[in-house]
Each structure stands twice: as structure tokens, then as C-alpha cells.
Amino acid sequence: MQHEAHTADVHHHEGHATHGHGPASWSMAAQATLHCLTGCAVGEVLGMVIGTALGWGNLPTMVLAIALAFFFGYSLTLRGVLKAGVGFRAAFRVALAADTLSIAVMELIDNGVIVLWPDAMDAGLADALFWISLAISLAIAFVVTTPVNKWMIGRGKGHAVVHGQH
């Protein structure tokens, strides 16, 4: 019964500042990871589209996709924190603190799966293999990154910092 009350308390604070550094809920961690996944997916796909359109090779295309994943991941957090009325410099610091480890883990797993998947690196945008390998690699990255975010939020880091700004 006490566990249920504590879980309800954690859920209550999902939209507010995290009081103390108690355990974070899996729901909160999954929401933070989904937020990160959205920015990463947008950046990845846009990077692949631009790299392919410009006829770039795998390495420069991957570098662009990773850079754009960080850009869009940070941008989504920045947008939410700025909406809460925080100044740009403070909001930028919050976005860096909230998302750097999460995006880095997600990109490492996502790109690692793509690199290891036979023929995935050479698949074009019109190939089913491109989209299937991207979807599966992002799903694996989500599963690996969610516990990282849960651990960070439970220690008042990561998206706990964002929730402290609302």
C-alpha cells in the first residue's frame, strides 16, 4: 500500500518540480525518453534525407544525422522550458543538462545497431530496409535509454531539471 501511495506521489509530480531525489516512475522515464526519441528520430531522418540528396557517403551523412538529432532533441526541450517563462540562457543550460546523456545514449545505440545491421548503412530512403532498420534501432535505443533516464530523474538530473522549470 505504501508503494502505491509513493507511486501516486511520483506521478503527481510529473508535471511539477521533483521534490527530493526519490525513485522516479517508469512512466516519467518513458515520457522523457519518448521526448528524446522524437527529436532524435526527426534529426536522424532529416540528416539521412539531406545526406542522400547531396550524394554524401555514409560517414558524413551519419555525422549530420547525429548532429541534427542533438539539435532537435535540445530544441524540443528548449521550446518547453521557454514556454514556462525561463530566459533563453537558463533554458539552454536546462536543455543541455536534461538531454545530453539521454541523446548520447540513444544515438550510440541507434547508430550502433544500424552500423552492425548487414546492408543497413547502404540502404537508400526508398528501401524498406532503411525504414525497418531505423525503426528497430530506435526501438532498441528507447528500451536502453529509458532506464538511464529513470536513474537520472531519480537523482534530480535529466528531465527532473526540466520538470523543475515548469
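In this presentation, contact means heavy atoms within 4.5 Å. The structure is a predicted model, in which local features need pLDDT of at least 70 and side-chain atom pairs count only at pLDDT 80 or more, while totals for chains, interfaces and linings use all residues. Residues are numbered from 1 along each chain as its sequence is written, and side-chain values use heavy atoms, with hydrogens and water left out.

Let me begin with the chain as a whole. Its secondary structure comes to six helices and zero strands, where helices (H or I, at least four residues) and strands (E, at least two) are DSSP runs numbered from the N terminus. Along the sequence the pattern therefore reads α-α-α-α-α-α. Of the 166 residues, 38% are buried; buried means under 20% relative accessible area, exposed means over 50%, and partly exposed lies in between, with a 1.4 Å probe and protein chains only. The chain exposes about 8,700 Å², and carbon and sulfur atoms supply 71% of that area. Accessible areas come from the Shrake-Rupley method with a 1.4 Å probe, and for residues only the protein chains shown count as cover. Among contacts with a separation of 6 or more, 67% join residues 24 or more positions apart.

I turn now to helix α5, residues 128-154. Its axis and that of α2 come within 8 Å and cross at roughly 145°. Axes here are lines fitted to C-alpha atoms, for helices over the stretch in contact, and angles run from 0 to 180 degrees between N-to-C directions.

Ser 102 is one of the α4 residues at the meeting with α5.

Which residues does Asn 149 contact, leaving aside its neighbours within four places in sequence? They are Ala 29, Ala 32, Thr 33 and Ser 102. Asn 149 itself lies in helix α5, and it counts as buried because its relative accessible area is 1%.

Ser 25 lies in the loop between α1 (2-12) and α2. Is Ser 25 buried or exposed? With a relative accessible area of 9%, Ser 25 is buried. Ser 25 and Gly 154 are 129 residues apart in sequence, yet their C-alpha atoms are 8.3 Å apart in space.

Leu 46 belongs to helix α2 and, at 34% relative accessibility, is partly exposed. Leaving aside neighbours within four places in sequence, Leu 46 is in contact with Leu 68 and Phe 72. Leu 54 lies in the loop between α2 (26-53) and α3 (58-83) and is exposed at 53%.
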